[in-house]
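Subject: Structure for your review

Dear colleague,

Please find the structure below, followed by an account of what was found in it.

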Amino acid sequence: MHTGSPLLNSGLPMGTNHHTVGHLTVDGCGFACIYDFYTGSLSALYDFDAIVIEHTSHKSSRQLIHRIQSCADNNLFLAPIIVRSDYPLKDEILESICDGRVGSVARLSDFMPTIKAIHQKIREIKISRQSSFEHSTLFDFLAYCYTRSLDPVDPLLDGNSSLAYFYPYISGAMEKTHGSHSIFPILEWAVQEGYLHAQVINATYVCSQCHGGFLSYREVCPSCHSAHLRTEDIVHHFRCAHVAPLSDFKTMQDGEVYLECPKCHHELKHIGVDYDKPSSMHYCQSCNSDFQNYLMKAQCTSCHHDQEVEYLIKKEIQSFSLTDKAAASLRSGHLLGDENQLTPEVEGALPWDLFVQSLQFEQSNRNTREGYVITLAFEDIKSLVRQIGVHNKVKLYTEVIQIVQASQQATDIRSVHNHKIIFSLFKTSKEEAESISQRTVFLINHLLKDNLKVSRNMILTEILPFKEFTLDPHMIHQSE
Ligand SMILES: [Zn+2]
Ligand SMILES: [Zn+2]
Ligand SMILES: [Zn+2]
């Protein structure tokens, strides 16, 4: 073992603190050593073969690992991670997102086979950004499972994730930005397309509004929905067939409570012999109504939506295995198969490369030099997609493209790229272009509000003279 500086009692190289990285070399393998409260730059971890995290709490260790595994640059999300702690971690989630625990730094060499195996697997595949955020997330999840030989990937019950279930890598990567429930459409799509094989291992009910898994259940009055209820057994006296609430039978004599029938005045001694309790009755303490069947309601602890339990959504909880198609996709560097799925085809819109070519062609054409190019972007596309669901995204774009097309002339073109809608208004004056842009935004807002019941979402517009429109490389490559 070689280190640049003496080791602390914890085993970390001296000088390691919340923003510096210690290093040591074991059997030719370079380890970055950091505390789990590390706040320094992630780029400082790029050049190491593996990362040792000094554990101070489960929460900090989990957060730091999620941060590292959310970093696609330099494939940092695949870096082998060993947690240094005196005691076994005894935290399923933490254990599922790291590659092992070491008690003393001197034992790091025990992990060399694991680390080498991960690096060997990383060399077998080609990591690259995919055409959309969802596809990149799936691709990286497949890569993570592949390099860790996770087969199958099992869900873990988790009190910290809004869904109540946790999948290694992907839950951590999605929780902060999209909410952990948004992994479902991605995983469902991956199963449909044959990248993952799923096996149902459990089921749960989730909030119908936000798909959160933490719900507060209670019985309420069917009239006023109050939870302030009183419940009483109904008593049936065999001898005279009288049926009434238990309290009607209760009588006090000499300081003792006994049961006497209010109708025939005989004493009720033995349940099953003298009487039985065929049902119970509920009384609302708020509105005084009585009823035999109460309502069950479940309030979501995430979005506070209060719903009757029949409206909850049943979710199957599955474990996943990578298919051969997934392995082939990882080796080729992109998701294989239906290419249309990679750049979802929106009816009426040109594929992006064709749009770019057409625009460049028109720019070189003297006759169409006048005119404008308009770019529309939803300010908060993440919350919009969260509300309508990933699968409805293409449908939404298709409708937006129809609105756009209605304002255009026959020779105009339009495309959808990186969540932006871009369209031409050739041979159009500035005033006209501005009013078309305003009207289009108005119509899209109308579509969102009235047809899709989506809460307000700002639409950002950009109007550029057609001849000045250049294809900003940032706009082309940025993925969200
Ligand atoms: Zn909810
Ligand atoms: Zn009776
Ligand atoms: Zn009531």
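Which residues coordinate the zinc ion (ligand 2)? The donors are H237 (ND1), C240 (SG), C261 (SG) and C264 (SG), at 2.1 to 2.4 Å. Here donors are N, O and S atoms within 2.8 Å of the metal (3.2 Å for Na, K and Ca), and since water is not among the atoms, sites may look incomplete.

Before the remaining findings, a note on conventions. This is a predicted model, in which local features need pLDDT of at least 70 and side-chain atom pairs count only at pLDDT 80 or more, while totals for chains, interfaces and linings use all residues. Residues are numbered from 1 along each chain as its sequence is written, chains are lettered from A and ligands numbered from 1 in the order in which they are written, and side-chain values use heavy atoms, with hydrogens and water left out.

**The zinc sites**

The site of the zinc ion (ligand 2) is tetrahedral, with angles of 102 to 117° among its four donor atoms. Four donors count as tetrahedral if all angles lie between 85 and 135 degrees. Along the chain, the donors of this zinc ion (ligand 2) follow the spacing H-x2-C-x20-C-x2-C. C240 lies in the loop between strand 11 and strand 12 (243–245), and C264 in the loop between strand 14 (256–260) and strand 15 (267–268), so the pair ties together parts that are 24 residues apart in sequence. Strands (E, at least two residues) and helices (H or I, at least four) are DSSP runs, numbered from the N terminus. C240 counts as buried, at 17% relative accessibility, whereas C264 counts as partly exposed at 24%. Buried means under 20% relative accessible area, exposed over 50%, and partly exposed in between (1.4 Å probe, protein chains only).

The zinc ion (ligand 3) is coordinated by C221 (SG), C224 (SG), C284 (SG) and C287 (SG), at 2.2 to 2.4 Å. Its site is also tetrahedral, with angles of 104 to 113° among the four donor atoms, and the donors follow the spacing C-x2-C-x59-C-x2-C. C224 is in the loop between strand 10 (215–220) and strand 11 (229–237), and C287 is in the loop between strand 16 (275–284) and strand 17 (290–291), so this pair ties together parts that are 63 residues apart in sequence. C224 is partly exposed at 36% relative accessibility, as is C287 at 33%.

**The strands around these sites**

Strand 11 and strand 16 pair in the antiparallel sense over eight bridges; two strands pair if DSSP finds at least two bridges between them. The bridge partner of R230 in strand 16 is Y283. The charged end of R230 also sits over the ring of Y283, 4.5 Å from its centre. This description applies if NZ of Lys or CZ of Arg is within 6 Å of the ring centre and within 35 degrees of the ring normal. In the same way, the charged end of K315 sits over the ring of F184, 4.9 Å from its centre.

Strand 11 and strand 12 are antiparallel, with three bridges, and I234 has P245 as its bridge partner in strand 12. The two strands form a hairpin with five residues between them, and A241 in the turn has a positive phi of about 70°.

**The parallel strands**

Four bridges join strand 4 (residues 50–54) to strand 5, and the two run parallel. I51 stands opposite I81 in strand 5. The chain passes from strand 4 through helix 1 (residues 58–69) to strand 5 in a right-handed β-α-β crossover; right-handed means that, with the strands pointing away from the viewer, the path from the first strand over the helix to the second runs clockwise. In strand 5 (residues 81–84), I81 and V83 point one way and I82 and R84 the other, and all are buried.

**Aromatic pairs**

There are six aromatic pairs, where rings of Phe, Tyr and Trp (its six-membered ring) pair if their centres lie within 6.5 Å, and planes under 30 degrees apart count as stacked, over 60 as edge-to-face and the rest as tilted. Y167 and F320 form a tilted pair, 5.5 Å centre to centre with 50° between the planes. Y167 and F320 are 153 residues apart, and both are buried.

Yours sincerely

Notes. Tetrahedral: all angles 85-135°; square planar, octahedral: opposite > 155°, others 65-115°.
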